[in-house]
Amino acid sequence: MRLLRIVPDDTKFDFMRFRRISFPLSALLSIIAISLYFFHGLNFGIDFKGGTLMEVQSKVGDADLAKMRAALGALGLGEVQLQQFGAPNDVLIRIAEQPGGEAAQQEAVRKVRGALGGEVEYRRVEVVGPRVSGELLSYGVVGLMLAIFAILIYLWFRFEWQFALGAMIANVHDIVLTIGFMSVTQIDFDLTSIAALLTILGYSLNDTVVIYDRIREMLRRYRKMPMPDLLNASVNQTLSRSVITHVTVSLALLALLLFGGQAIHSFTATMMFGVVLVGTYTSVFIASPILIYLGVGTGRDSLSAPDRDK
Amino acid sequence: MLYFTRWKATAIVLTAFIVCLFAVPNFLPEKMVQSWPKWAQRHVVLGLDLQGGSHILLEVDSAAVRKEKLEALRDDVRRVLLDARPRIGYTGLVVRGNSVEVRVREGSNFDQAVEKLRELSQPLGGILNTTGQRSLDVRTEPGNLVRLTVTEPALVERVRQSVEQSIQIIERRVNELGTVEPLIQRQGIDRILVQVPGLQDPTRLKEILGKTAKLDFRMVDVSMPAEQALQGRVPPEDEILYSSTQPRTPYLVEKRILVSGGDLTDAQPGFDQRTSEPVVNFRFNTSGARKFAQVTQENVGKPFAIILDNQVISAPVIREPILGGSGQISGSFTVESANDLAILLRAGALPAPLTIIEERTVGPGLGQDSIAKGKLSSYVGAAMVIIFMLVTYGLFGLFANVAVAINVAMIFGVLSMLNATLTLPGIAGIVLTVGIAVDSNVLIYERIREEVRSGRTPINAIDAGFTRALATILDSNITTFIAAAVLFYIGTGPVRGFAVTLGIGIITTVFTAFTLTRLIVAYWVRWRRPQRVPI
């Protein structure tokens, strides 16, 4: 049987030359993502904003959104959003945080239950009070920072500091672009989004580390090879692995995206963007060439060790 | 790299096999598993998002606890000064911030007063008090003023005790509801997490959790009608409370508590024999019965009020002395509300009010759907990955698939051993692990391909491929593991479920890559003595 070869043997792409395009491109995209965050904003879910989220399913055929909107609008609960969720009889109701502290949120749920009566089944009710939402947000942000920091320390121990810094820049870049993606799509930004960001961080690093490992090996073996050539060789040698791994991870994510249901849809969509699109690009076009600028491998020539392969 | 001693190979296979065995109880009917020893019964617990249920986070009102503590201190100060012989005159006894202030009227007995008040201060932390902290800080100021400040550790300790008591009471209340495997635990300093699986409607649960259930029996002051007291001055020993039913009628009741809910030994729902209305029958303990008998003897013909959480449930007139120590509360109950009140009275009153600060409820229908979707996406994802690996690596792809299958079985085994909770994001974590587990194989195989290309003999290439790839696998997985660990630390509920499966998945992935995959390939090499590597 002839086996599938996605990437031919001995590719010789000049990835490093692309840094003249990829660096400005990434800088531009990052600036766009950051401005999106500030001017367009994220669609904060109730985890971080407080409020109430209810998923109801109509027991009497398709849900009549207009009727429900009228019934709920009359309750005086401020902003009430209704949205079809998956099936035509499924409706997602979002109620903004009520003024008047923790008990007021519960009162709002009671009112909605009263207004919708027995015509719907309550599939999910989530109420996050003002105090908890503030804590969850700071927990999430602190967690993300902590993870970046812990990984940085680990890489610093395993590699040289330039590698740690390079990986760090690459990963902050990933997270910034993913946040830009979340802003454009207005995907609900909640606790699962933080989970998605952390996983993207983990996987993207996983990829970067594989290439860095190879670069380190090459640095030991070829002491006179110019840095851009050495980096190109490393990326090319690991290219087949990168592609195959990303295909398998995308297959798994695709299955989740198509069949995993609404509840984890935004989670998988974010991961798909972060791991597959950004992560791959970053490890090849950002994480590797940045080592040139960080001064990896300079001063190797002054070592008197003989160049084994020449 | 390709050589395994016999005992080492056995150890590897045995370890994997035993870990996989732990997953077995998940796939057998519950009845069958019940007869097994406890350690073998361990299984994966479905999260609330999969089996349906309520997650409710409660917070103890620590401001109320503080206030109560300070008011109790004020009463203590009054008692100490009045009980002193000779009596110590005072003015301006007030609570101010975290302190109680009092001014002793005569300078001559000021020292005596301070000495008596200092006795109120107790060492903190019981007999093991090593810090030397005390419950009160007593200071004197010019003008015969004494200020007793409750120290911060004493207040924190009081809040802690309230939470402990509340947890016990909540446990009793929730268990009375007849729910299966509720989880009640403390979170942080002043919070309590209640998780009740498989509940259709949490409204009743929330009502039962939210009630303080402080029951008092007090006399109604009949010296003036309540309406008149409302307009004029309420006597200092009385207060106005309203009825629990509509329309809200005011009652002028004494502040003095005759008997409290703490003196109850039992409460049961029942029906009034004459009107057949739902009622709650209760029985006092000995001291409660004695107090109640004495009060009812002295007050025949007068009304008394039964007060629950500062609302008057009913205010019957005492027709005859109640000596038996049991009684009946009636007051427009439904069968359910009488039942709930009985539960609350049996469980006891909460030391402080509780507020719901977070609620997440998933109905059983959604849970079922999520399980179905989780299963479907896992099967589809696994099938696609398996086919892709076969197409790409042929025989070695088959090896990889076997290793990944064992890997997934081991994840379930470890989850079972830990009695871990499986959530929908947790399932996503497993699916992702399948994706990443094949990566370790990909790394190995690609490395072998390279070594073949650089001109090594097949066996040499395979050996070198493993050696070089394993270092990379370790490095790359540790970074992902750090992310999973942080996620576990900061996450709650479903997100934590994701972190657990991801973390366990990484460990089992590294284990299989280092042992099983290598073992499989090693045996194949020994058996076939390949002339070329088929990848």
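Two strands count as paired if DSSP finds at least two bridges between them. Helices (H or I, at least four residues) and strands (E, at least two) are DSSP runs, numbered from the N terminus. With that rule, chain B shows an open sheet of 4 strands in the order β3-β4-β6-β5, with antiparallel pairing.

This is a predicted model: local features need pLDDT of at least 70, side-chain atom pairs count only at pLDDT 80 or more, and totals for chains, interfaces and linings use all residues. Residues are numbered from 1 along each chain as its sequence is written, while chains are lettered from A and ligands numbered from 1 in the order in which they are written.

**The sheet in chain B**

- The edge strands are β3 (90–96) and β5 (136–141) of chain B, and each pairs on one side only.
- On average, neighbouring strands are turned by 15° against each other, direction ignored. Angles run from 0 to 180 degrees between N-to-C directions, and axes are lines fitted to C-alpha atoms, for helices over the stretch in contact.
- β3(B) pairs with β4 (residues 99–104) of chain B in the antiparallel sense, over 5 bridges.
- B:V95 has B:V100 in β4(B) as its bridge partner.
- Helix α5 (residues 62–83) of chain B lies across β3, β4 and β6 (145–150) of chain B. This helix runs at about 165° to β3(B).

**Two helices in chain A**

- α7 (residues 191–221) and α8 (residues 227–259) of chain A pack at about 135°, with their axes 9 Å apart.
- That angle makes α7(A) oblique to α8(A). Angles under 35 degrees count as roughly parallel, over 145 as roughly antiparallel, 65 to 115 as roughly perpendicular and the rest as oblique.
- Residues are in contact if their C-beta atoms, placed from the backbone, lie within 7 Å. Among those in this contact are A:V210 and A:I211 of α7(A), and A:L230 and A:L231 of α8(A).
- By class, the contact has 9 nonpolar, 4 polar and 3 charged residues. Ala, Val, Leu, Ile, Met, Phe, Trp, Tyr, Cys and Pro count as nonpolar, Asp, Glu, Lys and Arg as charged, and the others, Gly among them, as polar.

**Where chains A and B meet**

- The contact takes 60 residues from chain A and 58 residues from chain B.
- α4 (101–116), β5 (120–128), α5 (130–158), α7, α8 and α9 (265–287) of chain A each supply at least two residues of the side that touches chain B.
- That side of chain A divides into 34 nonpolar, 15 polar and 11 charged residues.
- β5(A) and β18 (residues 354–362) of chain B run antiparallel, joined by 5 bridges.
- A:V125 stands opposite B:T361 in β18(B).

Methods. Contact = placed C-beta atoms within 7 Å.
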